[in-house]
Amino acid sequence: MTDITSQTEAALAAIAAATSLDALEAERLETLGKKGWVSLALKTLGGMSPEERTAAAPAIQSARASIADALDAKKAALEAAALEEQLARETVDLTLPAFAAPKGSVHPVSQVMDELAEIFADLGFAVATGPEIEDDWHNFTALNMDETHPARAMHDTFYFPDKTAEGREILLRTHTSPVQIRAMLDQGAPIRIIAPGRVYRSDSDATHTPMFHQVEGLVIDRDIHLGHLKWTLETFFKAFFEREDITLRLRPSYFPFTEPSVEVDVGYSTEGGRRVVGGHGDAPGHAWMELGGSGMVNARVLEFAGLDPMEWQGFAFGLGIDRIAMLKYGMNDLRAFFDGDPRWLAHYGFSPFDQPTLSAGVGARA
Ligand code: FA5
């Protein structure tokens, strides 16, 4: 047996016996590596005479080919075995809960918006939306607030430097009432909508923030009167606060876009430093809290929105969503709503799986 033949047999035996990829790599270096004996043997061919080379080359070439094939085959076998072993070791328990450590929660404002939509949907209201970047015609003029109205002042309203193509001022809407105008212009009458969303005013303290949320309500039909407004709000608040002893007080007020106008107050008491809605505001230990404004839609507003006030009437209301969220869920500082503090959200937030439904009680916690 020549040297090459015995060396090749020894190498093939070592390859067959290798139990790891590392051992196999060591064998490759020893044979086919730069300084491996097969490579060195191949190099000697260059210094041989053609006759010597013809005699020696086939044995070296065939040694290289058989060792390379054996290395490839063994490598594939070892990798397959390693994968098998890994698959056997790593198991997935499909019965484990999907969220072992729940992260994130639904913000109380989003939760209350879902609750509002659920309750008003049950009363036959659709949800409408409008742009937060509005023009002064929809936000003020069509709502019967003329050029000189004080609410238009720079210190109350955030204006943009540009104007629309029609020459209207552009601003961040100061209330959701412009959605009334857009809904009437888009759909005509009759109408039954709510419009929840963000509004902006130059305001900041414990109960006022520069951005807050309102929900607008608008009902336009024939023969609508203030009694319908009171029933609607009372029915809504009973469902929302989940108690029957809700007492509303409609206090005469003034909004340019409603006539008559009433401010909506709700009776509450204070228990352990926390405001609890319920009862008559004039009863001992009770008081009234303002939740929003409302009234019969002013005839001039109907005209601006292209409806004939001799045929159509309606009521509208605008409630502060953040206020009613604070009242229902017991927060006392509005600014914390917008700090994004994860501890606050973990405490006051809601499970994403807890969709409000009337049958489950709209505010039920998971
Ligand atoms: C309005 O915005 C009227 N558009 C409401 C309305 C609609 C009246 C339809 C008639 C018909 P007012 O400015 O009072 O009204 O705001 C309504 C409610 O928004 C307030 O009662 C209060 O709950 C809430 N609100 C007002 N300013 C702030 C603020 N800076 N931060 C938080 N909530 C506020």
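A nitrogen atom of the ligand lies 3.2 Å from an N or O atom in the side chain of D203, a polar contact (a pair of N or O atoms within 3.5 Å). The protein covers 93% of the 680 Å² of accessible area that the ligand has on its own (Shrake-Rupley method, 1.4 Å probe). This is a predicted model: local features need pLDDT of at least 70 and side-chain atom pairs count only at pLDDT 80 or more, while totals for chains, interfaces and linings use all residues. Residues are numbered from 1 along each chain as its sequence is written, and side-chain values use heavy atoms, with hydrogens and water left out.

**Ligand contacts**
- An oxygen atom of the ligand is 2.8 Å from an N or O atom in the side chain of R201.
- A polar backbone atom of L291 is 3.3 Å from an oxygen atom of the ligand.

**Ligand shell**
- The ligand is surrounded by 25 residues (a heavy atom within 4 Å), and H175, S177, R201, Q214 and E290 are the closest.
- β10 (286-297) gives the most to this shell, with five residues; strands are DSSP runs (E, at least two residues).

**Pockets**
- The ligand takes up the space of the largest pocket; a molecule sits in a pocket if more than half of its atoms lie within 2 Å of its grid points.
- A pocket is an open set of points on a 1 Å grid over the protein atoms alone, where a 1.4 Å probe fits, with protein on both sides within 12 Å along at least five of seven lines; lining residues have an atom within 4 Å of a point.
- β10 also gives the most to the lining of the largest pocket, with six residues.

Terms used. Polar contact = N/O pair within 3.5 Å; in protein donor to acceptor, adjacent residues only side chain to side chain. Helix = DSSP H or I, 4+ residues; strand = E, 2+ residues; numbered from the N terminus.
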